[in-house]
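My notebook is open, and I am going through this one from overall shape down to a single side chain. Do follow along with the viewer beside you.

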Amino acid sequence: MRVNRPSEPSYAGGATFSKLPLVLDPQELRGADVAILGAPIDETTSHRPGARFGPRAIRLADVAGGSPPGWPHLDLGVDAASVLRIVDHGDAEVRPADAEWSHAALRRAVRDVVSAGCVPVVLGGDHSIAHPNVSAMAEHFGAGTVGIIHFDAHADDAAEVYGVERSHGTPMRLLVEEGSVRGDRIVQVGLRGYWPDPEDFDWAREQGFVWYTMAGMEELGLSRVLDEVIERASAWERVWLSIDVDVADPAYAPGTGTPEPGGLTARELLGAVRRLALEVGFDGMEVVEVCPPYDHADITALLAHRVVLEALSGLAVRRSGGSPRPERPR
């Protein structure tokens, strides 16, 4: 299908994700394949705040798009906007300084999206939103049926951060301890740095977590790591992709709350998400920890935006029943 060239540039008009139609009524989501949902929540951030502004920045970080939306992927030979019915569902309700209330509202919003038969793509916000996001999926599809592929510099499996249980450093533990997700269905990619403490990793090991540190990935190679992740995830009933932008090296994602040097390149992250979407697919995803106040020239927001497009493009190939048809020079 040929897509008409945009009649309105990305920087003009409405501020939905890449000029997607805005559908705020949950009842009107039926018939859509994917719903973009913002979660402007950062009350549980432990270092640099500002991720509450992430959803807006990611939505606007489309330097080449416009309306009507069109994303012809040069490598996959697919336009996700032509294959999938994608809408922007606006933002979940938030109450400033009340993370518990905002998390409950986000959980309801994700539940509405899933109940309508849509794949939720949630734009964060700090990583604490993984708890309401995935617990809503587990509530709908069944506890223990959802597995998480988690890209992050940090394990986010601490019992508490500065004495607080509801934190962007605790969502994976909360999900396991409440029974929403089995520990052996959490695979973490890109861990590095100096946190969390050894006892938190001991707990994760007991629960069956699998993780790949950056040092280990250097030895194995990213391709082999993805082979192993795909093998595991292919056995799960449902897959949630959780992408913390700090999995990327700060050179590629400076605008984040807790940057950690030594991460993936932008090219590696985009390629990994594309491959996972193609070979495993996903039933929901989140991109979190974009912190615009620290984001020079929108570098991080642009990367997060493209992470979403890579995932949607891979999903479009799967939904169309086809295979990638890369464009080649003639």
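**Overall shape.** I took the radius of gyration over C-alpha atoms, and my globule rule is 2.2 Å times the number of residues to the power 0.38. For 330 residues that rule puts a compact globule near 20 Å, and the protein, at 18 Å, agrees with it. I noted a C-alpha trace spanning about 55 × 45 × 40 Å along the principal axes.

**Ground rules.** I am working on a predicted model, where local features need pLDDT of at least 70 and side-chain atom pairs count only at pLDDT 80 or more, while totals for chains, interfaces and linings use all residues. I number residues from 1 along each chain as its sequence is written, and side-chain values use heavy atoms, with hydrogens and water left out.

**Fold and surface.** I found 10 helices and 12 strands, which are DSSP runs (helices H or I, at least four residues; strands E, at least two) numbered from the N terminus. Of the 330 residues, 57% are buried, meaning under 20% relative accessible area with a 1.4 Å probe, protein chains only. I looked up the accessible surface too: about 13,900 Å², with 49% belonging to carbon and sulfur atoms (Shrake-Rupley method, 1.4 Å probe). Among contacts (heavy atoms within 4.5 Å) between residues at least 6 apart in sequence, 78% join residues at least 24 apart.

On a 1 Å grid over the protein atoms alone, I call a set of points a cavity if a 1.4 Å probe fits but cannot get out, and a pocket is an open set with protein on both sides within 12 Å along at least five of seven lines; lining residues have an atom within 4 Å of a point. Volume is the space filled by probe spheres set on the points.

I counted one cavity of 30 Å³ or more, and the largest cavity holds about 50 Å³. Its lining includes Ser-10, Lys-19, Arg-59 and Asp-62.

The second largest pocket has about 290 Å³ of space. I listed 18 lining residues, with Ser-46, His-154, His-168, Trp-195 and Thr-258 nearest the centre.

**One residue.** Where does Glu-310 lie? I placed Glu-310 in helix H10, residues 299-320. Glu-310 is buried, because its relative accessible area is 11%. Leaving out residues up to four places away in sequence, I see Glu-310 touching His-73, Leu-270, Val-273, Arg-274 and Ala-277.

Notes:
Buried means under 20% relative accessible area, exposed over 50%, partly exposed in between (1.4 Å probe, protein chains only).
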